[in-house]
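The sequence and the model are shown first.

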Amino acid sequence: MTTIADFTSQYGLVQKIDAFGFMEYLKANPDAPRKHGKIVLVTADTPLKASRGEGKTTTTIALIDALRARGIDATAVLRQPSMGITAAGSKGGASGGGKASLTHPELIDWGLCGEMAAIAAAQNLLVSFAEKAIDEGRIDTILVPRVSEVPSRSLRSITVDAGKNNVAERVVLTPTCELMQIVVLSRSMDEIGDRVAKMIAGTKDGKPVTFGEFVDLWRITDMLADAVKPALTETVNGSPVYVHGGPFANVSIGIPTLVSVEMACALHDVVIVEAGYGTDAGAQKWLDIACREYGAQWPSAAIVVTRASTWRDDPDLAWRYPFHVDRLEKLDIPAFPLVNLWDGEDDQIPELRETAERLEFREPIIGNLYRDGGDGLASQLDAFVDVLTNSSMPPAQHSHKGMPLIENVKWVAENAYGVPNDRVLFKDGFLDSVGAANTLCSEAGISLDDLALVAVKSPATMTDNDRAPQDERTVTLKKVEVHAGAGLAQVNLTTSLTTPMPKIV
């Protein structure tokens, strides 16, 4: 009998799985044994600082260890961190910490199986093809940036001497690039090829030219053969964890690959999906991009992580955590608040529980997960397990495809950030940017309004000024960038960079 083992191979200290092949096998053999796991979304409060996480990965690892200790077949799907930022020590990596850790964290934080490098090499090769196309007169501008895992301020905007004229180019971090988005959203190598073909390489006399018009796509898809395979790792307690994809949630889509999540759901009863940064970032994108536009499963429950200090010690920002919990509940996603304690905060537990009761949260889950791991959670999960056990599979959510882009952004601003339509502002030049994006899409034979919206924003803010009174908070729209291959339209909101610099630690 064919099993997942037939699609698994050893890759150094971890295993890699041909998820595309396995899911195609299940599709062709509907009677083959499989599970239909429910998804739990682990998200978080908006962090006080972009360089500090709330502990989502630590929570995710502790949670699956605790569920498995209770006899539930649980797993998690994580993104890989960016080596140039996260693993350089600016923020926690993708391997947890203490008793809630993955084995071989050095692999996770410093490249794992090379998928980041393969995606970077493939996109950079595409740009090299575009530069050659300049020489041959096929295009006169390049729209796809080069990528790097190591940030450099000097490379954010560059000019390349192309002989007769200079060509403007730029460099962004690998997790933010369009090819990373394509890998995350695709469910087959054929789909990856089709999407790469639709990437707009540049323009010729103002008209878009796609890579499919002049590049043999096998050159790119062959480079990605191993990069599209999720890695199977495990926690220090032996719980299985899949790691695949690595997009930032503030300036990209912030979610693991869809195929890795679907594969995990076919193999396990509960699948924990960790989305990047806060509920306004990664969770918003899982719900509004992965679920609404790409058919991913709507979560059966959510864990909303925060620190005790983030929740309570800055009165001007104290509105954000209750806002996130309430928003998920209004979407019929049972949202369980989890306070991830630091050392020395155990004496705050009674007061934290009182505050949670006053805010009408569900019974909070509280613990020092770095110190205690899954043991600190297992006894607190009765209500959570009850929801998972007794809930039905959530229905598919309606798509926003065809909604005018500006209307879609305003919908996100109101629902994800709490800012109504009349306080969504346009920066000078924004409408010109929308017009240019509309023209580019129209010339490419697509509709800008059919592309899924990616809000490009600061990871540490939800609005232009989160400290402003509620009736004064605004969101300013700045520019639009089309990622036609990925099927996405990126709209810049608050200040953010696709090549941020690491914090010196």
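The sections below set out the basis of the model and then its features in turn.

## Basis of the model

The model is predicted, so local features are reported for pLDDT of at least 70 and side-chain atom pairs only at pLDDT 80 or more, whereas totals for chains, interfaces and linings use all residues. Residues are numbered from 1 along each chain as its sequence is written, and side-chain values rest on heavy atoms, with hydrogens and water left out.

## Domains and one interface

The chain is divided into domain 1 (31-114 + 227-390), domain 2 (115-215) and domain 3 (405-493), with bounds that come from an automatic or database domain assignment. The C-alpha centres of domain 2 and domain 3 are 23 Å apart. Between these two domains, 14 residues of domain 2 are in contact with 11 residues of domain 3, where contact means heavy atoms within 4.5 Å.

The area buried between domain 2 and domain 3 is about 1,000 Å², and carbon and sulfur atoms give 58% of that area; buried area here is the accessible area (1.4 Å probe) that two parts lose on being put together, summed over both. Across this interface of domain 2 and domain 3 there are 2 salt bridges, a salt bridge being a side-chain nitrogen of Lys or Arg within 4 Å of a carboxyl oxygen of Asp or Glu. Elsewhere in this account of charged pairs, the side chains of Glu443 and Lys207 form a salt bridge with an N to O distance of 3.2 Å.

## Salt bridges

The structure holds 24 salt bridges. In one of them, Arg68 and Asp73 meet through their side chains at 3.1 Å, N to O. Arg68 is partly exposed at 32% relative accessibility, whereas Asp73 is buried at 17%; buried means under 20% relative accessible area, exposed over 50%, and partly exposed in between (1.4 Å probe, protein chains only). Arg68 and Asp73 also belong to a network of salt bridges that links them with Lys35 and Asp269.

A further salt bridge joins the side chains of Glu262 and Arg187 at 2.7 Å, N to O. Glu262 lies in helix H9 (residues 258-267) and Arg187 in the loop between helix H6 (178-185) and helix H7 (189-198), so this pair ties together parts that are 75 residues apart in sequence. Helices (H or I, at least four residues) and strands (E, at least two) are DSSP runs, numbered from the N terminus. Glu262 is partly exposed at 23% relative accessibility, and Arg187 is partly exposed at 26%.

## Helix H13 and its surroundings

In helix H13 (residues 349-358), Leu352, Thr355 and Ala356 are buried. Seen down the axis of H13, these buried residues fall within an arc of 100°, so they line one face of the helix; the arc is that of the directions from the helix axis to the C-beta atoms. An α-helix has 3.6 residues a turn, so residues three or four places apart point the same way.

The buried residues of H13 pack against helix H11 (308-312), strand E18 (335-340) and strand E19 (365-367). On the other side of H13, Pro350, Glu354, Glu357 and Arg358 are exposed. H13 is followed by Glu360, which has a positive phi, near 60°. The side chains of Asp346 and Arg371 meet in a salt bridge at 2.9 Å, N to O. Asp346 lies in the loop between E18 and H13 and Arg371 in helix H14 (residues 369-372), so the pair ties together parts that are 25 residues apart in sequence.

## Cysteines

A search of the whole structure finds 0 disulfides, a disulfide being a pair of cysteine sulfur atoms within 2.5 Å. The closest cysteine sulfur to that of Cys265 is in Cys291, 11 Å away and too far for a bond. Cys265 is buried, with a relative accessible area of 7%, and Cys177 is buried, with a relative accessible area of 1%.

## Backbone details

Most residues other than glycine have a negative phi. Asp205 has a positive phi near 55°; Asp205 is found in the loop between strand E12 (200-204) and strand E13 (207-210) and is exposed at 64% relative accessibility. Tyr277 has a positive phi near 50° and lies in the loop between strand E16 (270-274) and helix H10 (279-294), but Tyr277 is buried, with a relative accessible area of 15%.
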